[in-house]
Every structure is written in structure tokens, then in C-alpha cells.
Amino acid sequence: MPNKYQLVFLGSLLVAFSFLVALFHLIKAKLAAAGYHVSHLILLGLPEHTMSDQLSNANINFLAPAPVIAAVTAIILISLVYFTTARKPRSKPLDPNAWKEYPLAKKTQISPNTAIYRFKLPRADDVLNLPTGQHISVSAELNGKLVARSYTPISNHENSGYFDLLIKSYEKGNISRHIAGLNIGDKLRVKGPKGQFVYSPNLTGGLSMIAGGTGITPMYQILRSVLKNPDDKTRVNLIYANVNHEDILLRSELDKLAQTHADRFTLYYVLNNPPSGWNGGTGFVTKEHIKQFLPNPAENNSKLLICGPPPMVAAMKKNLADLEYPVPRTISKLEDQVRVI
Ligand SMILES: Cc1cc2nc3c(=O)[nH]c(=O)nc-3n(C[C@H](O)[C@H](O)[C@H](O)COP(=O)(O)OP(=O)(O)OC[C@H]3O[C@@H](n4cnc5c(N)ncnc54)[C@H](O)[C@@H]3O)c2cc1C
């Protein structure tokens, strides 16, 4: 679908072309009235003796201003295109150093405490352009204090004009509760991109992931980027932990990815309170789960990413240490094999 500027450009080309065609037909008609057929003129030219006297006698003086009219039209059209497209540089939706505000356009409740919030970007063809692996900061002034938290949009580069945040709100939460209280049209303050980790295709041979609750959003962003790119040969193994069955976020999207890319992606759910007949893991994510599904990054070319609530992250660090897997540093570097997002 062409954008606004491409449409203006196409429109101006069409107008210019139509103008030239109309001018040609007008000239043709006037020459025909003066006794000349335009195809003869093009192929043979005028007989020399008729050039000056006959043409000057003929009623074709109207042609004199034609070049001026054509030039003026071209200048108007070029100016139109220039002023509508190139006049001011477009500001990017995200700035790492400045807060920008975007209005809530839509809220889709997916459970009593979780919703997808769609925020509108200024132009229909704007994209957030968040590098894969990075997130945004969201801030609000709450009780006179500026509070900021990280969120990873679940929309991607292919979604223009908006971005979507999947947010679970906590009763005592600050930003999550603030967002849950927004009405359509209320603005949210965002800044970014943020984060040390930037994923690029084939960065590593394999990606192992442990996600808990809303910690799935950064993993989902990376997962989609890996799997939609046929040139990216990275294998991905994800362990996704939740308390209850209904807490599993993006379930249908994840299941679909696992089915479509069975050769490159394995998915293992773990639930604290599984329903009857559950065939995933139960309880917390254990050393055995990790050993069974996630290869030791020290022994093969892979990286392990962890994102979840702090108690879960602490428990995973201990599990990794017990298994003699590399453990994440407090502040990770891109080359680290294990990191907390
Ligand atoms: C890289 C990154 C990406 C993230 N992406 C998302 C995302 O896409 N969606 C999303 O919903 N969150 C995401 N988070 C988590 C998010 O940043 C906040 O931590 C979360 O929304 C809670 O913030 P808050 O201000 O509402 O609560 P806080 O002010 O941090 O906490 C206040 C109270 O809320 C309760 N609370 C807060 N967090 C939890 C929890 N995990 N479990 C139980 N109770 C809790 C506790 O009672 C706590 O004392 C991400 C975090 C990171 C680091």
C-alpha cells in the first residue's frame, strides 16, 4: 500500500502527464485547423518555404507561451512534492534521550488483570523501529515522583501507525496500575530503545530461553524475529513458566510458532497449578527441566536468556550454578552466554 507521500508523487506525475497529453491534443487540433497533420510534421517536417510564412500566417500563435506554461506547471508540481515530503525531517517515534507521548487508541482485555494496550503513532506509516532484543521505558509521575518501568512491545517492524504493549497489572503495582487506569485518548510517556542486548540473525547457533509470566514479551519479540527469517538458522528452546493455566500469555501465538517451525523451535510449559491432564512441567522450573530442554551454553554455541519476576530469576541463577552452567553477570555484555533481560 503506497503511503501519503508516494500517493502525492504519483498524483503529481499523473497531473503532469495529463497536462502534456491535453497540450498535445490542443496543438494537434490547432495544427489540423491550420491545414497540417501532426504525424506528417513529425515524420517529414514542414516544407522549407512554408516554415516561416505559412506558420506565421497560420493561426498557431497560441503556441508561443506553451514552454512558459509547461515550465511554470513543472515548478508548481515539483514545489508541491518538495513541500509535502521534504520540508521538515520526520522525527522518529522513539528517542533514547527524550520522553515522547502517545495516546491510547485501543485496549483489549485478555484476562481480568492483563490487557493489550494499543498506542497510536503520529503517522499511519510510522513504525517504532525497536531493534530486536531491546525494550522501551515507560514513565509516569505518581504521587509527585517520576516512576519508570521497562516494557517490550508485542507489535513489530511490520506493524505501522501503532505499537502494542501486553501488560499484566498488579494491585500494588505503580506503572502497570497506571496504564490499566488509562482511558482511550490518554497519553503514555515512552523513551527508548533501551537495553544492552541487540539480537542479529545468526548471532549464535542456538538460543535457550527461560521466561516467567510477562517475561515472555522480550522472548516473543526475539523468537518471532528468528523464526520469520529463513536465513537465520538459530535453534530456539523455550521454557515458559506460569502459576495457572489461564496465566499463559500469547499461548496461541507460541503454539502456532512451535507447530510451524517444529524443526527450529521447541516449547515447554511449566505450571505451578496444572489442570488435570496437563502434559507440561509442574511446580517451579527445576534443574531437571533445564538439563532436559536447554543445552549447556558452555558446551555448545548457544546463549541462554532469562526474563521473569525477580524471585524466579534468583531461583534460575541457583539452578544454573548447580548444573555448572555459566551464570549471568549482574551487568551483562553482548558476548555473555547467559544473561537476564
Ligand atoms: C526488559 C523487560 C521487559 C518487560 N516487559 C514487560 C511487558 O511487556 N509486560 C509486562 O506486563 N511487564 C513487563 N516487564 C515488567 C515491568 O517492567 C514491570 O516490572 C511490571 O509492570 C511491574 O511494574 P509496576 O510499576 O506496576 O510495579 P512495581 O512498582 O515494580 O511493584 C509494586 C508492587 O507490585 C507487585 N508486583 C510487581 N511486579 C510483580 C510481579 N512480577 N509479580 C507479582 N507481583 C508484582 C508487588 O506487590 C510489588 O511490590 C518487563 C520487564 C523488563 C525488565
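Biologist: Let's start with Gly-206, which stands opposite Arg-235 in E8. What kind of model are we looking at?

Modeller: It's a predicted model, where local features need pLDDT of at least 70, side-chain atom pairs count only at pLDDT 80 or more, and totals for chains, interfaces and linings use all residues. Residues are numbered from 1 along each chain as its sequence is written.

Biologist: And what makes a stretch a strand or a helix?

Modeller: DSSP runs: helices are H or I with at least four residues, strands are E with at least two, and both are numbered from the N terminus. The protein chain has 9 helices and 12 strands.

Biologist: How do you know that E7 and E8 are paired?

Modeller: Two strands pair if DSSP finds at least two bridges between them. E7 and E8 (residues 235-244) are joined by 7 bridges and run parallel, so they pass that cut-off. On its other pairing, E7 meets strand E11 (residues 302-307) over 6 bridges, also in the parallel sense, with Met-209 partnering Leu-305 in E11.

Biologist: Why is E7 called largely enclosed?

Modeller: A residue is buried if 20 or more other C-beta atoms, placed from the backbone, lie within 10 Å of its own, exposed if 12 or fewer, and partly exposed in between. In E7 (residues 206-212), 6 of the 7 residues are buried, so the strand is largely enclosed by the rest of the structure. For the protein chain, 25% of the 341 residues count as buried.

Biologist: What makes E7, helix H6 and E8 a right-handed unit?

Modeller: Look with the strands pointing away from you: if the path from the first strand over the helix to the second runs clockwise, the crossover is right-handed. E7, helix H6 (residues 216-227) and E8 make a right-handed β-α-β unit, so that path is clockwise here.

Biologist: Which strands make up the parallel sheet?

Modeller: It's an open sheet of 6 strands in the order E10-E9-E8-E7-E11-E12. Why are E10 (281-282) and E12 (338-340) called edge strands? Each pairs on one side only.

Biologist: What about the antiparallel sheet, what is its order?

Modeller: E4-E3-E6-E1-E2-E5, again open and with 6 strands. E4 and E5 are its edges, each pairing on one side only. Neighbouring strands are turned by 40° against each other on average, direction ignored. Within it, 6 antiparallel bridges join strand E1 (residues 100-111) to strand E2 (residues 114-120), and Leu-104 stands opposite Phe-119 in E2.

Biologist: Leu-165 is in strand E5. How do you know whether Leu-165 is buried or exposed?

Modeller: Count neighbours: Leu-165 has 21 C-beta neighbours inside 10 Å, so it counts as buried. Beyond neighbours within four places in sequence, Leu-165 is in contact with Tyr-117, Tyr-151 and Pro-153, contact meaning C-beta atoms, placed from the backbone, within 7 Å.

Biologist: Which residues are closest to the ligand?

Modeller: Gly-173, Asn-174, Ser-176, Thr-214 and Thr-217, out of 22 residues that surround the ligand; near means a C-beta atom, placed from the backbone, within 6 Å. The largest share of that shell, 4 residues, comes from E5.

Biologist: How does the shell split by class?

Modeller: The shell has 9 nonpolar, 9 polar and 4 charged residues. Ala, Val, Leu, Ile, Met, Phe, Trp, Tyr, Cys and Pro count as nonpolar, Asp, Glu, Lys and Arg as charged, and the others, Gly among them, as polar.

How values were computed
Axes fitted to C-alpha atoms, helices over the stretch in contact; angles between N-to-C directions. Contact = placed C-beta atoms within 7 Å.
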